[in-house]
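I opened a new notebook page for this chain.

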Amino acid sequence: MHRRLTALLLAALTACGTTAAQAAPRPSLAPPAPEQSYWPGQDALMDAAARVDEVAPGRWPAAYAGVALDVPGGRLMIYRVPTAGMDAALRALAPAVRVDLVDATYPAASLEKGAAKVWADQAFWQQRGVTVHGVGTDFGRCVTVGLANPRRDGAKVTAHYPGVALCVEQGYPSDLLTAG
């Protein structure tokens with residue numbers, strides 16, 4: 001049986017104009033060259049972002065709002081509440097990349113504090129029939145709160161946190177993914 005399958009395979013390969021030697025994969029003696037799986041300049045942007053995010057929150061807690069990468073555009077976007085002397089110092093932290101400074105209304109520390117309050121109140125909201133699917137921050141703008149029914153519950157949630165800038169949006173439950 002084995003010989004018959006081999007003969008059929010060889011006949012099929014010959015009919016296709018391919019020899020068995022051509023069809024069989026040859027093991028490579030050298031490892032393949034590593035491929036660049038990221039954008040040119042991405043490492044420099046990531047290094048600069050890490051440096052800014054390490055220094056800025058401690059140096060300007062009332063003004064620093066976050067950092068983001070525009071990898072295709074090759075620029076580092078630093079969100080900050082405009083503060084005297086801050087812009088030049090931020091640019092000096094990332095001299096090797098293009099830096100765009102983006103005005104923010106609130107510093108990250110303030111928004112993170114507000115997000116922590118909302119997150120800590122999950123049980124409070126659940127007891128009142130309000131499903132909070134997620135809490136986060138939007139750079140320098142607001143605390144984002146994903147609700148199951150924002151039209152019905154948004155005003156209640158917003159009223160409960162005076163002084164916290166909230167952006168209420170449609171939220172969705174998370175699906176737990178497991179390996180296997």
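**Entry 1: layout.** I read the elements from the N terminus and got α-α-α-β-β-α-β-α-α-β-β-α-β. That comes to seven helices and six strands. Helices here are DSSP runs of H or I with at least four residues, strands are runs of E with at least two, and both are numbered from the N terminus. The model is predicted, so I noted its limits: local features need pLDDT of at least 70, side-chain atom pairs count only at pLDDT 80 or more, and totals for chains, interfaces and linings use all residues. Residues are numbered from 1 along each chain as its sequence is written, and side-chain values use heavy atoms, with hydrogens and water left out.

**Entry 2: the whole chain.** I looked up burial next. Of the 180 residues in the chain, 32% are buried. Buried means under 20% relative accessible area, exposed means over 50%, and partly exposed lies in between, with a 1.4 Å probe and protein chains only. The accessible surface is about 12100 Å², and carbon and sulfur atoms hold 57% of that. These areas come from the Shrake-Rupley method with a 1.4 Å probe; for residues, only the protein chains shown count as cover. I also checked contacts (heavy atoms within 4.5 Å). Among those between residues at least 6 apart in sequence, 46% join residues at least 24 apart.

Entry 3: I found an open sheet of three strands in the order 1-2-3, with mixed pairing. Strand 1 (64-70) and strand 3 (98-103) are at the edges with a single partner strand each, so one side of each has no neighbour in the sheet. Neighbouring strands are turned by 20 degrees against each other on average, direction ignored. Two strands count as paired if DSSP finds at least two bridges between them.

I then took the pairs in turn. Strand 1 and strand 2 (residues 75-80) are antiparallel over six bridges. Y64 is opposite R80, G66 has Y79 as its bridge partner, and V67 is opposite I78. I78 also has a bridge partner in strand 3, namely L101. Strand 2 and strand 3 run parallel and are joined by six bridges. Pairing of this kind goes through backbone hydrogen bonds.

Four residues lie between the strands in the hairpin of strand 1 and strand 2, and there G74 takes a positive phi near 65 degrees. Both strands are mostly covered. Six of the seven residues of strand 1 are buried, and five of the six in strand 2 are buried.

**Entry 4: helix 3.** I asked what helix 3 lies across. It lies across strand 1 and strand 2, at about 175 degrees to strand 1. Axes are lines fitted to C-alpha atoms, for helices over the stretch in contact, and angles run from 0 to 180 degrees between N-to-C directions.

Helix 3 (residues 42-59) also packs with helix 4 (residues 86-93), at an angle of about 150 degrees and with axes 9 Å apart. That makes the two helices roughly antiparallel, a term for angles over 145 degrees. R51, V52, V55, A56 and R59 of helix 3 make the contact with A89, L90 and L93 of helix 4.

Entry 5: Strand 4 and strand 5 (residues 142-147) are antiparallel over six bridges. T137 is opposite V143 in this pair.

**Entry 6: Y106.** Where is Y106 found? I located Y106 in the loop between strand 3 and helix 5. Y106 counts as partly exposed because its relative accessibility is 31%. V81 is 25 residues away in sequence, yet 6.4 Å away in space, C-alpha to C-alpha. Leaving out residues up to four places away in sequence, Y106 touches A65, V81, L111, G140, R141 and A165.

Notes:
Parallel < 35°, antiparallel > 145°, perpendicular 65-115°, else oblique.
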